[in-house]
Amino acid sequence: MTDFETITVPDHLCGYPGVAFGGYVAGVLAGRAAAKTVRVDFRRPVPTGAPVLLAGTAGGGVELTAGELLLAVATPADLHTDVPDAPSWAAASAAAEAYRAAPPDGSTDCFGCGLDRTPATGLRQHCGRVPGGDPGLVATAWTPSPGLGGPDGLLPPELVWGALDCPGNAAGRLLGGRPAGAVTAALTGRLLRPVPVGEGLVTYSWLLGSEGRKYTVGTALATAAGDLCAFAEALWVQPRQAA
């Protein structure tokens, strides 16, 4: 990337109100980093609708700042997560329908998983427990709208990263019994192949570890036929309880 550039995350690309969707931000930073596998650490919430500064760092990394505040850092990384086989399209579709029928409390208007988002206005990562399959997986079946794609008919890399984010929250809530309100503290991902819009995809997630307010997850994105497109490992953190 150039030495620096200013970006503004549009208001509709939010996770929590007024806070930029973490998966999208991670994808933007990863696209500027000089590596195939990138780790993005979030230091503070990234605002929507306000200019922030992207700047290169030593070693091929990128940092995002607002004034004197460091918001996020991307660095080249390694990723050795064992990725389970993807659930079938039918199983992932049933999991998504089960989630939409009885969503956990605390849902927000998130670009990644908001229940009121349409295929044209969000990624609709509605991950539910996989029925009759691996009890350690949550999954969703979805089809990205052509309106989300670029001129090449592909889902932009930053939105592929976005699809690897929210399923980790679903794994924490549905598999780990975590409460609402957790945030992505770090996301390490690798994209393996282009992802076309207008075709069925399966996203799925599983728990890797849990301690105190923190838990780690693996997430993957595959075609409806089960071909792996991208995978990630994420650290999620629950906010401290008010005294």
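Which residue stands opposite Ala234 in S11? Val217 stands opposite this alanine. The legends below describe a predicted model, in which local features need pLDDT of at least 70 and side-chain atom pairs count only at pLDDT 80 or more, while totals for chains, interfaces and linings use all residues. Residues are numbered from 1 along each chain as its sequence is written, and side-chain values use heavy atoms, with hydrogens and water left out.

**View 1. Strand S11 and its partners.** Strands, like helices, are DSSP runs numbered from the N terminus (helices: H or I, at least four residues; strands: E, at least two). Two strands pair if DSSP finds at least two bridges between them. S10 and S11 run antiparallel and are joined by nine bridges. In their hairpin, four residues lie between the strands, and Gly226 takes a positive phi near 100°. S11 is also joined to strand S8 (residues 183–191), again antiparallel, by eight bridges; Gly189 has Ala232 in S11 as its bridge partner. Seven of the ten residues of S11 are buried, so the strand is largely enclosed by the rest of the structure. Buried means under 20% relative accessible area, exposed over 50%, and partly exposed in between (1.4 Å probe, protein chains only).

**View 2. Aromatic pairs.** Three aromatic pairs are found in a search of the whole structure. Rings of Phe, Tyr and Trp (its six-membered ring) pair if their centres lie within 6.5 Å; planes under 30 degrees apart count as stacked, over 60 as edge-to-face and the rest as tilted. The pair of Phe21 and Phe111 is tilted, because the ring centres are 6.0 Å apart and the planes stand at 50°. Both Phe21 and Phe111 are buried. The rings of Tyr215 and Trp236 are stacked, as their centres are 6.4 Å apart and their planes at 10°. Tyr215 lies in strand S10 (residues 214–223) and Trp236 in strand S11 (residues 228–237), so this pair ties together parts 21 residues apart in sequence. Tyr215 has a relative accessible area of 1%, and Trp236 one of 4%.

**View 3. The largest nonpolar core.** A nonpolar core is a set of buried Ala, Val, Leu, Ile, Met, Phe, Trp, Tyr and Cys residues joined through side-chain atoms within 4.5 Å. The largest has 52 residues, and Leu155 is one of those that touch the most other members. Helix H1 (residues 22–32) gives the most to this core, with six residues. Contact means heavy atoms within 4.5 Å. Not counting residues up to four places away in sequence, Leu155 touches Trp142, Pro144, Leu148, Val160, Val195 and Val197.
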